[in-house]
Amino acid sequence: MKMQTISLNKSYGGIQGVYRHPSRETKTDMTFSVFVPPQATGAKLPAVYYLSGLTCTHANVTEKGEYRQACAELGLVFVAPDTSPRGDGVPGDPANSYDFGLGAGFYVDATQEPFARNYRMWSYVTEELPKLVAEQFPVDAKRQSIFGHSMGGHGALTVALRNPDRYRAASAFAPIVAPSQVPWGTQALGGYLGNDKQAWRKHDAVALIEDGARFSELLVDYGDADQFLAEQLRPELLKAACEKAGIPLTVRGQPGYDHSYYFISTFMADHLRWHAARLKV
């Protein structure tokens, strides 16, 4: 698997890189970013995976996430993949719909045409990319965690709940906690997975918990001024599911914050410190 370096920049004593590689899962080239902190000299470090939201690429968090200082202090490798396959011939024109298709892969392996060939973000994020990162970067594969924003928060929660032994920590900014019950999710899950709603449940954090999935503890932040809070995010559903299942959940409504990277960057370091403690850094 040949990896191309697109850019390298020094920051806080570490290296921020952007890379591209041909993906066997998506059948396209995929671009991702990795920040390697200065502690990496001669050591393998824990890795934190960040999944982005609708319309985003790796670049949104890389340029606006403000994570490098905290990662340099804590000794965390920060990995940020794209949200969907891209390229000539990949279906899903964003001019027609910002919340379905390109930039909106929803971290599932699509089963419906014309998406089944390329839209395999679940396997890309959980299998292919971690293997590539472990081969190319100084990471400790036994110490990894995952978090994300909005659609990426949905992805992070479902990945953690379905792989509780692989990830030591999971958190989310303004996640879509119950996609089976909200417009963004029903459009995406129906379009990628078909009309059998039972098949949707393994990509729905609330449904997974209802069906018996468990994780050690979760952290969720959202802004109480988020324009998508009531219709699309529904954090109260996750709170109720975790309470019933006995999953420790810290959920915090942050006064005055919206859905943007102003919100994410404000609480990024706090989440990274939370992850670092559970990664035993």
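Strand β6 (residues 139-149) is mostly tucked away, with eight of its eleven residues buried (buried means under 20% relative accessible area, exposed over 50%, partly exposed in between, with a 1.4 Å probe and protein chains only). Strands here are DSSP runs of E with at least two residues, helices are runs of H or I with at least four, and both are numbered from the N terminus. This is a predicted model, where local features need pLDDT of at least 70, side-chain atom pairs count only at pLDDT 80 or more, and totals for chains, interfaces and linings use all residues. Residues are numbered from 1 along each chain as its sequence is written, and side-chain values use heavy atoms, leaving out hydrogens and water.

**Around β6**
- β6 pairs with strand β4 (residues 45-51) in the parallel sense over six bridges (pairing takes at least two DSSP bridges between two strands).
- In that pairing, tyrosine 49 has isoleucine 146 of β6 as its bridge partner.
- β6 also pairs with strand β7 (residues 170-173), again parallel, over four bridges.
- There, glycine 148 has alanine 172 of β7 as its bridge partner.

**The core**
- Phe78, Tyr192, Met268 and Leu272 touch the most other members of the largest nonpolar core, which has 90 residues (such a core is a set of buried Ala, Val, Leu, Ile, Met, Phe, Trp, Tyr and Cys residues joined through side-chain atoms within 4.5 Å).
- Leaving aside residues up to four places away in sequence, phenylalanine 78 touches Met268, Leu272 and Phe147, among others (contact means heavy atoms within 4.5 Å).

**The whole chain**
- The chain has ten helices and nine strands.
- Buried residues make up 59% of its 281 residues.
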